[in-house]
Amino acid sequence: MTSLLLFYILDLAGTFAFAFSGAVAARNRGLDVFGIFVVAFIVACGGGVVRDVCIGAVPPAGLSDWRYIAISSVAALMAMYSRIVRERLEQPIVLFDSLGLGLFAVTGAQKAMIYGLTSEGAVILGVLTAVGGGMARDILLNRVPAILKGQIYALAALAAALIEVFGNRAHWPADRRAAAALATCFVLRYLAVRFNWHLPRFVKPPDDDDSEK
């Protein structure tokens, strides 16, 4: 399997995973059918569109390739009407969000390297591609983005992007480094949610007036 074909497959898989997680979150939030489709597409393609604009790949694939719109629409339909899928997935949002995070961290870094960016730039765009959709979802649904709440979210994407970029520099086979990066991100993110792991947070000290009460 060539690197370009692997990238394309992973990118479409990430599109489905993020679209499904976005659609389930929108459905649970009580949005109408149109709102669910909009959230699903923005979550699935938002980070990739920003990435493509940054590297000069215009028009962005999410807007020029019909497959991305089709896949996000299918994922939205499944999230709305496939009761069996939702019931068999105990935590569908966490599961698919973790998958999408890893897939987009890998493909974001891959595409940045294909367009000649440095290792540092590829890592940054890998993280941006991965977290952009989740941030858009949380903002649209009036929630504090996970990346800003101390959760291990961007850190998991960073780990995947680093493995992908430095694995490429070390000439690891494309499929093996992608699998290692995806597994690392997925496991780290899923375990962080399951066991409530957080990054250190600073608690605002009480005001002097409050301490005197």
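Predicted model: local features only at pLDDT ≥ 70, side-chain atom pairs only at ≥ 80, totals over all residues.
**Exercise 1.** What should the 23 residues of helix H2 span, and how far apart are its end C-alpha atoms?

Solution. Helix H2 covers residues 33-55. The expected span is 1.5 Å times one less than the number of residues. For 23 residues this gives 33 Å, and the end C-alpha atoms are 33 Å apart, so the two values agree.

**Exercise 2.** Where is the kink in H2 centred, and what is found at either end of the helix?

Solution. The kink is centred on Cys45 and amounts to about 45 degrees. Cys45 is also one of the buried residues of H2, which include Val43, Ala44 and Gly47. After H2 comes Gly56, which has a positive phi near 85 degrees.

**Exercise 3.** Which residues of H4 are buried, and on which side of H4 do they lie?

Solution. Buried means under 20% relative accessible area. In H4 the residues Tyr68, Ser72, Ala75, Ala76, Ala79 and Met80 are buried. Because they cover an arc of only 130 degrees around the axis, they lie on the same side of H4. In an α-helix there are 3.6 residues a turn, so residues three or four places apart point the same way.

**Exercise 4.** Which exposed residues does the face of H4 turned away from its buried side carry, and which residue caps the N-terminal end?

Solution. That face carries Trp66 and Tyr81, both exposed. The cap is Asp65, whose side-chain oxygen lies 3.0 Å from the backbone nitrogen of Arg67.

Methods: Residues numbered from 1 in each chain as written. Heavy atoms only, no water. Helix = DSSP H or I, 4+ residues; strand = E, 2+ residues; numbered from the N terminus. Bend = angle between axes of the 7 residues up to and from the residue. Buried < 20%, exposed > 50% of the residue type's maximum accessible area, 1.4 Å probe, protein only. Arc of directions from axis to C-beta. Polar contact = N/O pair within 3.5 Å; in protein donor to acceptor, adjacent residues only side chain to side chain.
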